[in-house]
Amino acid sequence: MTTTLKTITVIGAGGKMGMRISANFQNSRYQVFYCENSPHAQMQVQAQGREISDADSVVRHSDVVILAVPDIALGAVSTAIVPKMKAGAVLLTLDPAAAYANLIAQRADIKYAVAHPCHPSVFLDRYTKEEHADAFGGVAAVQHVAASYEQGSDADRAELAKVVSVMYGPVEQVHWVTVKQLAYLEPTLVETVACMVGSFMKEALDETVKSCGVPEEAAKAMLYGHIQIALAVAFRSTNPFSDACMIAMEYGREKIIKEDWKQIFDEKELDIVIARMLKIDAIKR
Ligand SMILES: NC(=O)c1ccc[n+]([C@@H]2O[C@H](COP(=O)([O-])OP(=O)(O)OC[C@H]3O[C@@H](n4cnc5c(N)ncnc54)[C@H](O)[C@@H]3O)[C@@H](O)[C@H]2O)c1
């Protein structure tokens, strides 16, 4: 039977994600309790008009407990929190790494879910200043969410989607995948590849200015416009790359990309990168 989710506890409410999701919960129809350990972060929570609760008192009443704590702390924090949860409640984490690595404390009578924001798409139609300013999502620009709730029924997922859509709102769609698929999305697809390429482009920009003497404003103007057109052509086929551009792209591939780069999609490599992120020797199976 699907439980209607009404009461939520946010553990780590004064951290980066804790503050973002709490701001969205604050005016929602959910009853939400905010727990935070660090005195400085507690002050940030209170400054926004949210009271600090004691986890021992509120976790046992909560339908959903959200662990918004650093991934490397999830093993210890879940070991402390999970025994206090009521049977049938959902433990929600915000990143798949610790769940994939089997670091989260287990109990047969609670359910486990992960929900990660996709962030607003580079192709999103933005109309207002607020939408343009909202790069991260969760404020004004619409985003999707990638989530995993493998133990849940369709009805359970629909109920949890409501919670996730409030905490990361405005949300257009929640995509349900497995924990392993979520781990292939992040870190592999979006951090190992997309964020790495983003910071690589910044390095190339700096090098163009520093080593080749190109005026910075000219280099930025040329790069920012070409990032836009490269994405539009590659992902949307708005128009073809020119013949000369394709030759330059092929040269770039030969010089920059390793032939065996697709090994990042091997399960063994997924285990390696996640173990490295969690600062553990190896993934627990
Ligand atoms: N930061 C991001 O951009 C981002 C984006 C998506 C998902 N996430 C995920 O969100 C989660 C939280 O990351 P973050 O960047 O917000 O972390 P953070 O370090 O900014 O905040 C964590 C907060 O948890 C508090 N905390 C730690 N242990 C606690 C405990 N036992 N009880 C109460 N409070 C405790 C800390 O004092 C801190 O305020 C992680 O799983 C991360 O992968 C982060």
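**Exercise 1.** What share of the contacts in the chain with a separation of 6 or more comes from residues 24 or more positions apart?

*Solution.* Start with what you're looking at: this is a predicted model, where local features need pLDDT of at least 70, side-chain atom pairs count only at pLDDT 80 or more, and totals for chains, interfaces and linings use all residues. Residues are numbered from 1 along each chain as its sequence is written, and side-chain values use heavy atoms, with hydrogens and water left out. Next, a contact means heavy atoms within 4.5 Å. With that, the share comes to 64%.

**Exercise 2.** Work out how α1 and α7 are arranged.

*Solution.* Two packed helices are described by the angle between their axes and the distance between the axes. Here α1 covers residues 16–26 and α7 residues 154–167; their axes lie 7 Å apart, at an angle of about 110°. So α1 is roughly perpendicular to α7 (that label covers 65 to 115 degrees). Finally, find who touches whom: Ile21, Asn24 and Phe25 from α1 meet Val163, Val166 and Met167 from α7.

**Exercise 3.** Which residues of α4 are buried?

*Solution.* Buried means under 20% relative accessible area, with a 1.4 Å probe and protein chains only. In α4 (residues 74–81), that picks out Leu74, Gly75, Val77, Ser78 and Ile81. Now look at their partners: these buried residues pack against several elements, including β1 (7–11), β3 (64–67) and α5 (97–100). For the chain overall, 38% of the 285 residues are buried.

Methods: Buried < 20%, exposed > 50% of the residue type's maximum accessible area, 1.4 Å probe, protein only. Axes fitted to C-alpha atoms, helices over the stretch in contact; angles between N-to-C directions. Helix = DSSP H or I, 4+ residues; strand = E, 2+ residues; numbered from the N terminus. Parallel < 35°, antiparallel > 145°, perpendicular 65-115°, else oblique.
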